[in-house]
Amino acid sequence: MVYIIYMAAGNSRRFGKDKLLYKAGEKKLFEYGLLTVAEIGKTREEVDIIVVTRSDEIKIAAEKIGLRAILSPESKKGASFTIKKALREIKDLKYGDFICFMVADQPFIKSESIVRLIDEAKKTTGIVRLRSKGGPGNPIIFPAELKEELLGLEGDEGGRKILLNHKCTYVDIENETELEDIDTFEDFIKNNGKFNF
């Protein structure tokens with residue numbers, strides 16, 4: 001199995017309010033990635049999706065399109081709490097499974113790129129990550145064997161800390177816009193014309 005963890009529980013510190021609920025074109029920011037990951041779930045039987053959020057609105061939206069969603073109020077303390085909440089939700093993680101962490105503030109990511117990442121993970125025993133001309137980015141896939149290391153993260157630590165100690169394979173994509181995060185209101189303004197898709 002490939003467990004895709006859709007991380008929609010951040011603090012939006014740089015934005016000043018919950019950016020995921022901010023209208024970006026025709027949709028709210030969180031909806032872009034949510035619909036992308038739902039599309040993958042419909043076509044890949046080996047994919048199980050878990051949405052982790054602090055927002056009732058996001059939880060309801062995820063469940064409305066058939067996704068499993070869990071509330072994680074402790075995620076306000078940092079990314080590691082979102083990661084741990086998701087991992088504890090997976091009851092039967094075993095050798096040969098993978099955990100893919102996908103962030104909700106990356107609206108331009110394409111399902112095709114995530115599928116390529118999943119297919120590459122099945123060929124390797126290490127970590128697999130997307131990369132473009134601007135450098136590496138999310139999503140990142142970890143083999144199940146790294147579960148305990150992921151559970152050992154603290155505070156606002158994310159999976160990138162674990163990358164320092166393990167081999168990583170990169171999947172290169174042409175369009176670097178796919179890896180852009182929307183962190184500030186200025187990012188919304190700069191990308192305004194790209195949202196209506």
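**Packing around V52 and the overall fold**

Leaving aside its neighbours within four places in sequence, V52 is in contact with I5, Y6, M7, A8, A9, I70, S72, T82, K85 and A86. These contacts come from a predicted model, in which V52 is found in strand 4. The relative accessible area of V52 is 0%. Because the limit for a buried residue is under 20%, V52 counts as buried. I114 is 62 residues from V52 in sequence, and the two C-alpha atoms are 18 Å apart in space.

One of the contacts of V52 is K85, a residue of helix 3. K85 has a relative accessibility of 36% and is therefore classed as partly exposed. Not counting residues up to four places away in sequence, K85 touches V52, I70, L71 and S72. I70 and S72 are also listed among the contacts of V52. G96 is 11 residues from K85 in sequence, with a C-alpha to C-alpha separation of 21 Å.

Helix 3 spans residues 79-89, and its buried residues are S80, T82, I83, K84, A86 and L87. Among them, T82 and A86 are in contact with V52. The cover over the buried residues of helix 3 includes strand 1, strand 4, strand 5 (68-71), strand 6 and helix 5 (147-151). F81 also lies in helix 3, but at 22% relative accessibility F81 is partly exposed. With residues up to four places away in sequence set aside, F81 touches S72, E74, S75 and G155. The C-alpha atoms of F81 and G158 are separated by 9.4 Å, although these residues are 77 residues apart along the chain.

At the level of the whole chain, the secondary structure comprises seven helices and nine strands. A compact globule of 197 residues would have a radius of gyration near 16 Å, and the value of 16 Å for the chain agrees with this. Along the principal axes, the C-alpha atoms fill a box of roughly 40 × 35 × 30 Å. Of the 197 residues, 52% are buried. Where contacts join residues at least 6 apart in sequence, 69% of them join residues at least 24 apart. The accessible surface of the chain is about 9,700 Å², and carbon and sulfur atoms account for 48% of that area. The chain carries 33 positive and 33 negative charges, and the mean positions of the two sets are 2 Å apart.

In soluble globular proteins, nonpolar side chains tend to be buried together. In this model, the largest nonpolar core contains 35 residues, and those with the most contacts inside it are I4, Y6, V51, L67, I118 and I141. At least two residues of this core are supplied by each of strand 1 (2-8), helix 1 (29-43), strand 4 (47-53), helix 2 (56-64), strand 6 (98-103), helix 4 (111-121) and strand 7 (127-132). Helix 1 provides the largest share, six residues. A second, separate core of 23 residues includes M7, I50, V52 and L150. M7 is also one of the contacts of V52. Leaving aside neighbours within four places in sequence, L67 is in contact with L34, V37, A38, I49, V51 and A62.

Helix 4 is also the place of E120. The relative accessibility of E120 is 23%, so E120 counts as partly exposed. With neighbours within four places in sequence left aside, E120 is in contact with V128, T169 and V171. T169 is 49 residues from E120 in sequence, and the two C-alpha atoms are 8.4 Å apart.

Most peptide bonds are trans. The bond from N138 to P139 is cis, with omega near 0°. P139 lies in strand 8, which covers residues 135-143. I141, one of the residues with the most contacts inside the largest core, falls within the range of strand 8.

Terms used
Residues are numbered from 1 along each chain as its sequence is written. This is a predicted model: local features need pLDDT of at least 70, side-chain atom pairs count only at pLDDT 80 or more; totals for chains, interfaces and linings use all residues. Side-chain values use heavy atoms; hydrogens and water are left out. Helices (H or I, at least four residues) and strands (E, at least two) are DSSP runs, numbered from the N terminus. The radius of gyration is taken over C-alpha atoms; the globule rule is 2.2 Å times the number of residues to the power 0.38. Buried means under 20% relative accessible area, exposed over 50%, partly exposed in between (1.4 Å probe, protein chains only). Contact means heavy atoms within 4.5 Å. Accessible areas come from the Shrake-Rupley method with a 1.4 Å probe; for residues, only the protein chains shown count as cover. Lys and Arg count as positive and Asp and Glu as negative; His and the chain ends are not counted. The place of a charge is taken as NZ of Lys, CZ of Arg, CG of Asp or CD of Glu. A nonpolar core is a set of buried Ala, Val, Leu, Ile, Met, Phe, Trp, Tyr and Cys residues joined through side-chain atoms within 4.5 Å.
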